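Hi,

Here is the structure I said I would pass on.

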Amino acid sequence: MTAQDEQPVEWFAMRDLKRPNAKTPAYKVLPEKYGIEAFTPLKWILAEHAGKTERRQVPFVSDLLFVKASRLELDPVVESIATLQYRYVKGQAYRQPLTVRTADMERFIKAVNSDPDPQYYSPDEITDSMLGRRVRIVGGPLDGNEGNLLAVRGSRRRRLLIEIPSLIVASVEADPQYIRFI
């Protein structure tokens, strides 16, 4: 058994300090150059380019990035990319990288990818008045997810809030036929 086999593969919360309009952000470089899985929540914007308005995706939070790798595999990459940093756990052990449980991260990615236009929020933006009833999704692309419905007056669409604690919250459209109230 090698040292790499002993290191667990985890989802690390990272910071990419490149400019928001950089041509090679870390979420593109890591899979292409290093073969490391990376995910960043993207939103659609309208941008002017060469006198034309175009619709394109940009990171919701310019420096937020999630990377799936072992610490042994990721440390040399972080050393070689000056703008890539670990996010650390606040108030805990000294410089302990912030990780997200694999099941939570995969649930979040699956949910976000199931909706063509997910909406993102920072955790402090979510107020008690936005939290609707607690539900479980049974069937469909969001099968197995639990969370709160987004309470929006007058909306006919049902949106489920999916959270990565203390980092980001996404709301994705949920088909009413799969919603079960808890």
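**Salt bridges around D63**

D63 forms a salt bridge with R15, and their closest N and O atoms are 3.2 Å apart. By salt bridge I mean a side-chain nitrogen of Lys or Arg within 4 Å of a carboxyl oxygen of Asp or Glu. This pair links distant parts of the chain: D63 sits in the loop between β4 and β5, R15 is in strand β1 (residues 9-16), and 48 residues separate them.

Before I go on, some ground rules: this is a predicted model, so local features need pLDDT of at least 70 and side-chain atom pairs count only at pLDDT 80 or more, while totals for chains, interfaces and linings use all residues. Residues are numbered from 1 along each chain as its sequence is written, and side-chain values use heavy atoms, with hydrogens and water left out.

Back to D63, whose side chain also meets that of R87 in a salt bridge (3.0 Å, N to O). R87 lies in the loop between β6 (84-86) and β7 (99-100) and D63 in the loop between β4 and β5, so this pair ties together parts that are 24 residues apart in sequence.

The cut-offs are under 20% relative accessible area for buried, over 50% for exposed, and partly exposed in between (1.4 Å probe, protein chains only).

The whole structure has 10 salt bridges. One of them joins R107 and D104, with the closest N and O atoms 3.5 Å apart. Both residues are in helix α4 (residues 102-114), three residues apart, about one turn of the helix. R107 is partly exposed at 24%, and D104 counts as buried at 15%.

Element names come from DSSP runs numbered from the N terminus: helices are H or I with at least four residues, strands are E with at least two.

**Helix α2**

In α2, A26, Y27, V29 and L30 are buried. They are on the same side of α2 because they cover an arc of only 165 degrees around the axis (the arc of the directions from the helix axis to the C-beta atoms). Just after α2, G35 takes a positive phi of about 70 degrees.

**The largest pocket**

The largest pocket holds about 450 Å³ of space. It is lined by 22 residues, and P20, N21, A22, R56 and V58 are the closest to its centre. A pocket here is an open set of points on a 1 Å grid over the protein atoms alone, where a 1.4 Å probe fits, with protein on both sides within 12 Å along at least five of seven lines; lining residues have an atom within 4 Å of a point. The volume is the space filled by probe spheres set on the points, which are joined across faces, edges and corners.

Elements giving two or more lining residues are α2 (26-34), β3 (42-49), β4 (52-59) and β5 (64-70). β4 gives the most, with five.

**Strand β9**

Strand β9 (residues 131-137) pairs in the antiparallel sense with strand β10 (residues 146-150) over four bridges, where R134 stands opposite N148. β9 also pairs in the antiparallel sense with strand β13 (residues 179-181), over three bridges, and there V135 stands opposite F181. Pairing requires at least two DSSP bridges between the two strands.

Cheers
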